[in-house]
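Have a look at the model first, and then we can go through both together.

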Amino acid sequence: MSADNEPSTLYQVLGANLRTIRTDRGWSQDELARRARAHGLKWSRSSVAAFESAKKSINIQDLVLLLFVLSASIGELLAGDGRAVVSKSVSLDLEDLRTILA
């Protein structure tokens, strides 16, 4: 959840969890980008930084490949409590979002 107690955007949740997963694996942003490129993603260190800071959105194809590269589940990328804004008019509990996408 964001500091002002408003729901985070979906991309903020994904980015924060991507950073956590990456650092838990001991990978730098460069290392994740290198591994992503090895599987067909056109990512650089700055791409990883932009995703982690929610300055860039991720498309579904890149998301699927990212999950493969990380050996992670969508649930891990959507970890946490609270809500995520998915459109101007819809925010969902992260638990519900994980269930929908499982």
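In what follows, Ala, Val, Leu, Ile, Met, Phe, Trp, Tyr, Cys and Pro count as nonpolar, Asp, Glu, Lys and Arg as charged, and the others, Gly among them, as polar. The model is predicted, with local features needing pLDDT of at least 70 and side-chain atom pairs pLDDT 80 or more, while totals for chains, interfaces and linings use all residues. Numbering starts from 1 along each chain as its sequence is written, and side-chain values use heavy atoms, leaving out hydrogens and water.

**The cavity**

There is 1 cavity of 30 Å³ or more in the structure. A cavity here is a set of points on a 1 Å grid over the protein atoms alone where a 1.4 Å probe fits but cannot get out, and lining residues have an atom within 4 Å of a point. The lining of the largest cavity includes Y11, F51, K56 and L77.

| Largest cavity | Value |
|---|---|
| Space | about 80 Å³ |
| Nonpolar lining | 8 residues |
| Polar lining | 1 residue |

Helices are DSSP runs (H or I, at least four residues), numbered from the N terminus. Helix α1 gives the most to this lining, with 4 residues.

**Helix α2**

Within α2 (residues 29–38), Q29, L32, A33 and A36 are buried, meaning under 20% relative accessible area with a 1.4 Å probe, protein chains only. These residues sit on the same side of α2 because they cover an arc of only 100° around the axis, taken from the directions from the helix axis to the C-beta atoms. After α2 comes G40, with a positive phi near 100°.

Terms used
1 Å grid on protein atoms, 1.4 Å probe; cavity = no way out; pocket = protein on both sides within 12 Å on 5 of 7 lines; lining within 4 Å. Points joined across faces, edges and corners; volume = space filled by probe spheres on them. Helix = DSSP H or I, 4+ residues; strand = E, 2+ residues; numbered from the N terminus. Buried < 20%, exposed > 50% of the residue type's maximum accessible area, 1.4 Å probe, protein only.
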